[in-house]
Structures are given as C-alpha cells and as structure tokens.
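Please keep the sequence and the three-dimensional view at hand while reading.

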2 protein chains.
Amino acid sequence: MTTAAVKTPLGVIASGGDLPKAIAESARDGGRAVFVIALTGSAEEWVKDFPHEWCGLGEVGKLLKALKGAGCEEITMAGKIARPKFSDIKLDWKGVLVAPGIIAAARKGDDGLLRAVVETVEREGFRAIGAQDAAPGLLVQEGPLGRLKPDAEDEVDIATAFKIVRTLGELDVGQAAVVSEGLPLAVEAAEGTDAMIARIGTLPKHFRGQADKRRGVLVKAPKPIQDRKTDLPVIGIATVRNAAAVGLAGIAVEAGGALILGQKAVAEEADKLGLFVIGVKP
Amino acid sequence: MTTAAVKTPLGVIASGGDLPKAIAESARDGGRAVFVIALTGSAEEWVKDFPHEWCGLGEVGKLLKALKGAGCEEITMAGKIARPKFSDIKLDWKGVLVAPGIIAAARKGDDGLLRAVVETVEREGFRAIGAQDAAPGLLVQEGPLGRLKPDAEDEVDIATAFKIVRTLGELDVGQAAVVSEGLPLAVEAAEGTDAMIARIGTLPKHFRGQADKRRGVLVKAPKPIQDRKTDLPVIGIATVRNAAAVGLAGIAVEAGGALILGQKAVAEEADKLGLFVIGVKP
C-alpha cells in the first residue's frame, strides 16, 4: 500500500475555469482518490469524470454532508466563481447560518469570498489545503519552461516588474505587472490579468513590442500578505497567447509561488510563438 | 508699473489639450505678456489669440530663435504631444544636434521626452518653470471645490488610494488609482487616467458604485521622484464626467501638487453630477 493510497480522498470544491480540473487530474494521476463538489452555475462538464455532487452556492449543509459522506478530510477549492445575485441564491439551513459572514466577505472580491468559505469549512473539521499542496505538480519550478530565455534587458525588466508586483502586493492591490525597457506599461488591480494584458495593445506603438520585435515582460507573483491556501497566481496557455498577441517578449512567475496549467502545452505554445516563460526565485 | 509688468514675456511651448491654453490665459489674466510656441500637429487653434510661432518638433533652432526674439527668459511647456514617426520629423540644424538625446529620452514616454526638451532649452540660457509657477491660479488648494464632501468611508478610501499612488510613484509607475470600500479597483501605469477610469465601468457591478449610489474615489498625486517643472497631475471637467460615468463618489488630488483646469466649471459640474472634488494636504 503506497502513501497516497492511505490518504483520505481529496475534496475539490470546484468552480469555473481550468484550475479545478487540473488539480483533480493531478491528484488522481498521483494515485489519490478525488471527490468533487461542483458549484452550480460555475463548475464545468469535466466533473462527470469524478465522483461528485452538484451544490448551489448557498447549499452549505449539502456540501458539508457530501464531503463527509465521501470520507474527505482534506479539501481544496479553486476556480472562478460566476456570481448570481445574492437574492437568487437558495440557502439551506447551514447556508442561512454562514451566509451573512460570507456575503460581507464577498464584497471585498473573490479573495475575500474564498477566505470566508475556507474558514467555514475549517470550522466544520476539514483541513483546507492550497492547490500547490493538493497538486504539487502544478507549481512553477525555477528556470525556463520552453526553449527561450530572457536576454539581459528582459532580466532588468523582470526585476523591475517583480519589485512593482511585490510592492503592490503588500498594499493588497494585485498580482501582476508589465514592464518594457524600464517603463511600467500596466499594473493589475481588480480587472484581472487577461484584461491587463489586453490593454497593452491599446498603448502607443513606441511603448511596446510587436510580433517581429518582442519587448516587455509580464510578471505574476503572489501577494506577500495573501493566504496561500486560496489564490496563487495561475498562468496557462491562454496567458501565453494573450502575451504574444500584444508583442511581449515573455512571462516570468515566482518559482514555488505560482501555478502553470498544462506545463508541456504552455512550453510548446511559448516556443511556437517566440516567447520565454520562466520561473524565477524571489 | 506692477511686478508682473516688469517681467519678461512668458514663453509657452504648447502641444495639445487644454493645459497650455489655461496656462497662457492665466498668465495673461495676471498681467504678464505671453509668447506661444505652437508645436505643429499638436497645438490647437487658440494659439492665434496670442503672439505665437508654429514650429515642428524638429525645428529646435527656429523655436529657440523665436523665443529669444520675443524677449522670453522664462519658458514653460505643457500639453499632450501627438508623435509623428521620428522619420517624418523635419530637423533644422539645431534639431540635428539635439535629436539623438531627445529620441533616446522619448522612448521612456512623455515624461522622459519633456525632461529632455527642458534640459535642451535650459542649456540655451532659458529658465524652465513649471505650470504651477507660470500659472499659480491653476494649483489645487486644500478643501472641497464644490458643494459635496467625502463621507467617513470615502476618507478611508482616499487615504488608501494616496498610499497606493505614492508607493507607485516612488517606483515611477503612475499618478492615479481608484479605491472603493477598501478595494483597489484600478491603478494607472502607461495608459493614462482617462483609460484607467473607463475600465472601472467594465468591472463586476458588486465592486463599484452606480449613479444613484456612488462609491469609490479617484486619487491623483505627483510622483515623489518627478521633476515638478514638467508634469503635475491635471484634472478638468472631463475627469469629473468620466468619474461620474463609472459611479465614483469623488475625486481627491494633492493640494499644491496638482492642477485643476477651469476650477469654477469643475465645481459646477461636480455639484450637478453629485461628486465631490477635494484638495488634500499630503
């Protein structure tokens, strides 16, 4: 009997996007049983490949009962939450009890919402773990992921962008920035990384690179203050394509402090489009 | 003879937008003669109301000769520069001499371009002064400009946003941020304030205010490191309208560290739309 086999099933509370699927698959591929709570309106079709239960955002009692019934002790939660109006949420008995605290937390954004849900689950005796512990294979390692590496100028931009992201993170602002030849082109706040990258394309051309002469780097790193159980920065193949579309030279993420979904596909796409993707030790 | 009358004419190197016009009018209304260098392709029709000379971006010799001919000793420069391709710029003899340094500086953005032009002009014996010295009437005073004032929650958001803007300014990132109920909604880098405000409207509705229930503040403040001769933050009636359109509760700028164009019109528009505009001592 392997170490993985004696572990209780991993409970994955899944909302939208590719991250919860990547976690569930990575845990299963590592030999661990997985039980998925699929959040209604957010989770996607892939959940049918795992033992699972659909729960509404307000059905907290049902969710807890399903996780206990599946024998889960460790749970992780991941994904993007499509929010209905709070007035549309159907609350079960447990939902009624915890809703006021979660609604208050949710007004501060997804971070706050996730933290509040984690606390609720932990009060019920589950142990909440981060995606990086549930699926260590997703964590970014140090070094380049594909064939390309930053040149000397890119290295300077990477250092500048990391400084900006860390400083912003201490103020709880965002997780990402773009710097090109020393000039900060964009800084992420509530709009998210994809929207931030997209607006590079609207800047005057002399500020930015083009497909045939790439310039500038995207850096993503966790906020120093954030709870690493919930929300490490994530990049995937879409991030590489978005960065390529606006002429960036590459992407740098904090080694051990960010997740890459589909590392092989990301490396191949970066090679194909002519960008570097690199994990950098803080 | 008043003090103003003994001064040499103020030389205003004018590119686009409302700021150079406001400076020229403010100086003239204060009793000082004004001579305008109108930059071809950027400066606007109003220059015909002043003694002026049109100069291309590369006609540095012509520009210097015109300023000397008009008896100017102090010059100020302001406005947005519409950049042609560098290859389209017609260089006169002086332009050829200074172009390499200015082109290199321009790659770092308008800040760098303006600093390089200021240095060029000062090497020719002129004294470059900031808009706030050329037209002190444009400087933001402490206190509310219109009828409305920030409430207690707005005050907290103002303090948070100032902290973000100052920290960003130390890293030479930007001059503006929007915070709503403690949540940083947007941070300015190279895109400029108008684009930054506009994207508030694209954020999920629970993050932001609406016309009937305004939330969140825009803060603008100079970078602590910047040369105050060139680029103090500016707001005008368009800033008030843009902030109103995305549901913000108000605008706070650094008293003595920002310019307001058309203070009376800005106050009236803020009152009409239900926003506060306030100068805050750092």
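A:Asp172 lies in the loop that runs between helix 7 (152-170) and strand 7 (176-180) of chain A. The model is a predicted one, and in it the backbone of A:Asp172 has a positive phi of about 60°, although A:Asp172 is not a glycine. Is A:Asp172 buried, partly exposed or exposed? Its relative accessible area is 31%. Residues count as buried under 20% and as exposed over 50%, so A:Asp172 is partly exposed.

The side chain of A:Asp172 has a partner: it makes a polar contact with the side chain of A:Lys223, at 3.0 Å. A:Lys223 is found in another loop, the one between strand 9 (217-220) and strand 10 (234-235) of chain A. Because its relative accessibility is 9%, A:Lys223 counts as buried.

Chain B may be examined at the corresponding number. B:Asp172 is located in the loop between helix 7 (152-170) and strand 7 (176-180) of chain B. Its phi is near 60°, a positive value in a residue other than glycine. With a relative accessibility of 31%, B:Asp172 counts as partly exposed.

A further loop of chain A deserves attention. A:Pro136 belongs to the loop between helix 6 (131-134) and strand 6 (143-144) of chain A. Its relative accessible area is 51%, and therefore A:Pro136 is classed as exposed. In sequence, A:Pro136 and A:Gly30 are 106 residues apart, while in space their C-alpha atoms are 9.7 Å apart.

The account now turns to a sheet in chain B. Strands of a sheet pair through backbone hydrogen bonds, in either a parallel or an antiparallel manner. In which order do the five strands of the open sheet in chain B stand? The order is 3-2-1-4-5, and the pairing is parallel. The edges are formed by strand 3 (52-55) and strand 5 (127-128) of chain B, each of which pairs on one side only. Strand 2 (residues 34-39) of chain B pairs with strand 3 of chain B in the parallel sense over four bridges. Within these strands, B:Val36 stands opposite B:His52, a residue of strand 3 of chain B.

Helices pack on this sheet. Helix 2 (residues 19-29) of chain B touches strand 1 (10-14), strand 2 and strand 4 (74-78) of chain B, and its direction makes about 165° with that of strand 1 of chain B. Helix 3 (residues 60-69) of chain B also packs on the sheet, where it touches strand 1, strand 2, strand 3 and strand 4 of chain B. The direction of helix 3 makes about 170° with that of strand 2 of chain B.

It remains to consider how the two chains meet. The contact takes 27 residues from chain A and 27 residues from chain B. About 2,300 Å² of area is buried between chain A and chain B, and carbon and sulfur atoms give 64% of it. How many salt bridges are counted between chain A and chain B? The count is two. In one salt bridge, B:Arg199 is paired with A:Glu191, and their closest N and O atoms are 3.8 Å apart. Two residue pairs in polar contact are also counted between chain A and chain B. On the side of chain A that touches chain B, the elements that give two or more residues are helix 7 and strand 8 (183-187) of chain A. The largest share of that side, five residues, comes from strand 8 of chain A.

Note on methods: Residues are numbered from 1 along each chain as its sequence is written. Chains are lettered from A and ligands numbered from 1 in the order in which they are written. This is a predicted model: local features need pLDDT of at least 70, side-chain atom pairs count only at pLDDT 80 or more; totals for chains, interfaces and linings use all residues. Side-chain values use heavy atoms; hydrogens and water are left out. Two strands pair if DSSP finds at least two bridges between them. Contact means heavy atoms within 4.5 Å. Axes are lines fitted to C-alpha atoms, for helices over the stretch in contact, and angles run from 0 to 180 degrees between N-to-C directions. Buried means under 20% relative accessible area, exposed over 50%, partly exposed in between (1.4 Å probe, protein chains only). Buried area is the accessible area (1.4 Å probe) that two parts lose on being put together, summed over both. A salt bridge is a side-chain nitrogen of Lys or Arg within 4 Å of a carboxyl oxygen of Asp or Glu. A polar contact is a pair of N or O atoms within 3.5 Å; within protein, one must be able to donate a hydrogen and the other to accept it, and residues adjacent in sequence count only if both atoms are side-chain atoms.
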